[in-house]
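Reader: I want a close look at one part of this model, the charged side chains and their pairing. Keep it brisk, and give me the cut-offs.

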Amino acid sequence: MLEVTNLTKAFGSGSNKLQVLKGVDMNIKQGEMVALMGPSGSGKSTLLNIIGGLLAGDKGSIVLGDKTYGTKNPSNVVDVRRDSVGWIFQDFHLLDNLTAVDNVAMALELSGMPAHEAEQAAEVALTKVGLSDRMHHVPDQLSGGQQQRVAIARAIAGNRPLLLADEPTGNLDSATSDEILALLDRLHDERDLTIVVVTHSEKVAGHMDRVVHMEDGFLKT
């Protein structure tokens, strides 16, 4: 369901130019859970950002379902972010002044869903992640694990087939990390989600079907 072909990306110019991706090829099947590992600076997050439509590559292509992109500007792949990809970040990316349900609903409204439908979908998603009793709490009233659950609810609320996670347990203690991993396992089983996780954690990698390694801008299986 995801095919990355000869993807390259550099930052800077001239003598300061840094080639981060040097021709990445990757294929991921529907329903597969994949961990992307490698040293800092190897290009993991850059690759994830291009797959997720947040960054344009320089050369190469990405095919995700019926969408083809890779070198298009993020403003031209709004449909990828709206229809195909859900995001989970290490630092949650929640708006401090909004409740849990509003954080989830707002993301859906920005993708074009009517407000009433967005709120209903947000409530369903928060219930799925075990936060039915915390819907009207703002982030400061939630633990780190609960905030990450809100972020996961936001990622799954639009029923997108691909879930991208960048160090999803990086800011969590061991016990909370286990809870988040168990939640991802359950959501994967329920919906046949395809999940790609950037991680340094062997524990997280152990929950995935497959581990791929990045080193010096290349992917090594």
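Start with one residue. What is the relative accessible area of Glu215?

Author: Glu215 has a relative accessible area of 38%, so Glu215 is partly exposed. The classes are buried (under 20% relative accessible area), exposed (over 50%) and partly exposed (in between), with a 1.4 Å probe and protein chains only. This is a predicted model, where local features need pLDDT of at least 70, side-chain atom pairs count only at pLDDT 80 or more, and totals for chains, interfaces and linings use all residues. Residues are numbered from 1 along each chain as its sequence is written, and side-chain values use heavy atoms, with hydrogens and water left out.

Glu215 has a partner. Lys220 forms a salt bridge with Glu215, and the closest N and O atoms are 3.9 Å apart. A salt bridge here is a side-chain nitrogen of Lys or Arg within 4 Å of a carboxyl oxygen of Asp or Glu. Lys220 counts as partly exposed because its relative accessibility is 43%.

Elsewhere, salt bridges that share partners join Asp66, Lys67, Arg82 and Asp83 into one network. Lys67 and Asp66 meet in a salt bridge at 3.5 Å, N to O. Lys67 has 14% relative accessibility, so Lys67 counts as buried. Asp66 counts as exposed because its relative accessibility is 69%.

Next, a pair within a helix. Arg186 and Glu190 meet in a salt bridge at 3.1 Å, N to O. Both lie in helix 6 (residues 174–191), four residues apart, about one turn of the helix. Helices are DSSP runs (H or I, at least four residues), numbered from the N terminus. Arg186 is partly exposed, with a relative accessible area of 34%. Glu190 is also partly exposed, with 47%. The salt bridge count comes to nine.

The buried residues of helix 4 are Ala118, Ala121, Ala122, Ala125 and Leu126. They cover an arc of only 135 degrees around the axis, so they sit on the same side of helix 4. The arc is taken from the directions from the helix axis to the C-beta atoms. Their cover includes helix 3 and helix 5 (144–156). Contact means heavy atoms within 4.5 Å. Just after helix 4, Gly130 takes a positive phi of about 85 degrees.

Conventions
Helix = DSSP H or I, 4+ residues; strand = E, 2+ residues; numbered from the N terminus.
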